[in-house]
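Visitor: Please give me a close look at a single part of this model. Then place it in its wider setting.

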Amino acid sequence: MKIFNHSINKKLLLILSVGISFAYADQNIEIVGGNSAGNPKLAVVNFTNEDGSVSDEVTSDFKITGEFNVLNYVSSDAVESGAQYTISGSVSSDPVSGHMQIEYQLLNNTTNQVLLSQTAAFNKKFQRKAIHAIDDNIYKKLTNTPSAFTSKVALAVQQGAGKYAVVLADYDGYNPKTLISMAHPITSLAWDSTGNYLSYVTYETGKPVVYVQNIKAGTRYVVANFNGSNSSPAFTPNSQKLAVTLSKDYGSHVYLVNNQRYTSASGAIPLVNFGTIDTEADISNTGKVVFTSDHDGGPQIFMTDLNGSTPMRVTNGLGKYNTTARFSNDASKITFINRNSGVLQAYVLDLVTQSAYPISQNANHDIAPSFAPNDKLIMFSSDNSVYISNITGTTQTKLNNLNYGQVIDQRWSKNF
């Protein structure tokens with residue numbers, strides 16, 4: 001088993017370190033569902049003195065959001081009427097020092113007003129991260145909300161017979177770093193609210209045991225190794241405890257354990273004892289708890305809170321099989337898996353309006369959906385491909401560059 005110490009960079013601001021990418025981003029995403037024709041038209045003009053990779057990555061980011069009808073142009077003169085906004089710029093470089101610079105501009109074509117005009121200085125190594133940060137600035141100006149472009153995702157993968165790993169990557173799958181690898185399955189990924197810790201379950205001792213890993217330090221420790229199975233971790237909002245599923249007593253139920261190294265004296269506080277099987281808890285920033293239970297005869301999703309209030313079923317009228325609920329970061333929605341006629345499909349349920357709808361359009365075996373930090377996108381996998389859908393399910397993007405191995409689980413980080 002190997003543990004690698006990889007520092008996760010903070011969000012890049014105006015001064016960035018980047019380099020040239022020779023695989024254009026738009027070749028590695030595929031819009032597989034939806035129609036953006038009715039969205040605001042966003043023109044992306046090829047940047048002066050670039051090799052195509054800058055404007056291509058900008059295009060990729062904004063296409064994935066599903067909020068814009070993104071069109072590419074070779075020059076500003078070619079931008080057609082009707083395009084509300086134009087992104088353009090120039091790239092300069094010093095081949096001796098390796099330093100580069102991007103000047104970029106966002107123009108409102110309707111008013112001819114320059115909404116954003118900035119310069120990003122950089123070094124030749126992390127172009128994709130730099131473009132994500134630039135696109136975040138542009139997205140904020142256009143929508144008044146943060147983007148998910150600079151966020152991270154974690155994926156548990158099988159990389160061949162007897163080789164498993166947790167991989168951290170940019171939201172679009174690029175810049176992968178192996179956090180941990182071993183000869184035993186790894187499942188049930190869970191981020192804490194700071195993005196500094198990741199919890200997961202491994203079978204390296206012969207049974208499922210819950211670990212927490214400090215991402216920056218590369219160190220890890222067991223938090224739950226009670227008799228029987230230990231699974232499905234979820235951090236409390238302050239990261240001091242985790243909800244875990246334990247089978248140490250009759251059936252499987254949800255308990256709270258301390259976020260500290262497990263010892264023989266460690267305790268577990270009962271949180272949910274509702275059905276014969278209570279599992280897959282997730283905890284919102286407001287202290288609400290969703291979980292899967294067989295209380296009503298088959299897997300359904302229920303809600304309680306950290307005080308252990310009487311659970312209430314939230315998946316009503318949605319068939320006999322609903323599992324793996326995950327909260328949006330504002331706690332107003334959950335995403336989950338619904339099975340109908342043998343098809344496993346990623347869904348969203350609005351907890352305020354009680355409306356539920358699928359966000360997966362073309363896949364049949366969806367697993368493990370989770371929200372982006374800004375709650376506008378959802379990542380899930382299906383038939384070993386990873387997808388990003390916008391919150392309404394009207395645009396679905398396949399990430400073709402994710403070839404780390406067979407996907408077991410994935411989870412979007414909670415912070416930007």
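Guide: Relative accessible area sorts residues into buried (under 20%), exposed (over 50%) and partly exposed in between, with a 1.4 Å probe and protein chains only. By that rule Asn144 counts as exposed, because its relative accessibility is 70%. The model is predicted, so local features need pLDDT of at least 70 and side-chain atom pairs count only at pLDDT 80 or more, while totals for chains, interfaces and linings use all residues. Numbering starts at 1 along each chain as its sequence is written, and side-chain values use heavy atoms, with hydrogens and water left out.

Stay with Asn144. It sits in the loop between helix 2 (127–143) and strand 8 (152–158). Helices (H or I, at least four residues) and strands (E, at least two) are DSSP runs, numbered from the N terminus. The phi of Asn144 is near 65°, a positive value in a residue other than glycine.

Ala331 belongs to the loop between strand 23 (322–327) and strand 24 (333–340). Its relative accessible area is 17%, so Ala331 is buried.

A further loop position is Gly298, between strand 20 (288–293) and strand 21 (300–305). Gly298 has a relative accessible area of 16%, so it is buried. Contact here means heavy atoms within 4.5 Å. Leaving out neighbours within four places in sequence, Gly298 contacts Ser293 and Lys320. Val166 is 132 residues from Gly298 in sequence, and their C-alpha atoms are 31 Å apart.

Now a helix position. Thr65 is part of helix 1 (residues 53–65). Thr65 counts as buried because its relative accessibility is 4%. Beyond four places in sequence, Thr65 contacts Tyr139, Phe149, Leu377 and Asn390. Ser147 is 82 residues from Thr65 in sequence, yet the C-alpha to C-alpha distance is 8.8 Å.

Next, Lys414. It falls in the segment after strand 31 (406–412). Its relative accessible area is 22%, so Lys414 is partly exposed. Setting aside residues up to four places away, Lys414 touches Trp191, Asp192, Ser193, Ile283, Asn329 and Pro373. Ser341 is 73 residues from Lys414 in sequence and 33 Å away, C-alpha to C-alpha.

Step back to the whole chain. It holds two helices and 31 strands. Its radius of gyration is 22 Å, close to the 22 Å that the globule rule gives for 416 residues, so the chain is as compact as a globular protein of that length. That radius is taken over C-alpha atoms, and the rule is 2.2 Å times the number of residues to the power 0.38. Along its principal axes, the C-alpha trace spans about 70 × 50 × 35 Å. Of the 416 residues, 54% count as buried. Take contacts between residues at least 6 apart in sequence: 50% join residues at least 24 apart.

Finally, confidence. pLDDT is the predictor's confidence in each residue, from 0 to 100. The chain's mean pLDDT is 91, and 93% of its residues reach 70 or more. Residues 1–26 have pLDDT below 50, and this stretch has 90 contacts in the model beyond near neighbours in sequence. Where pLDDT is low, predicted coordinates should not be read in detail.
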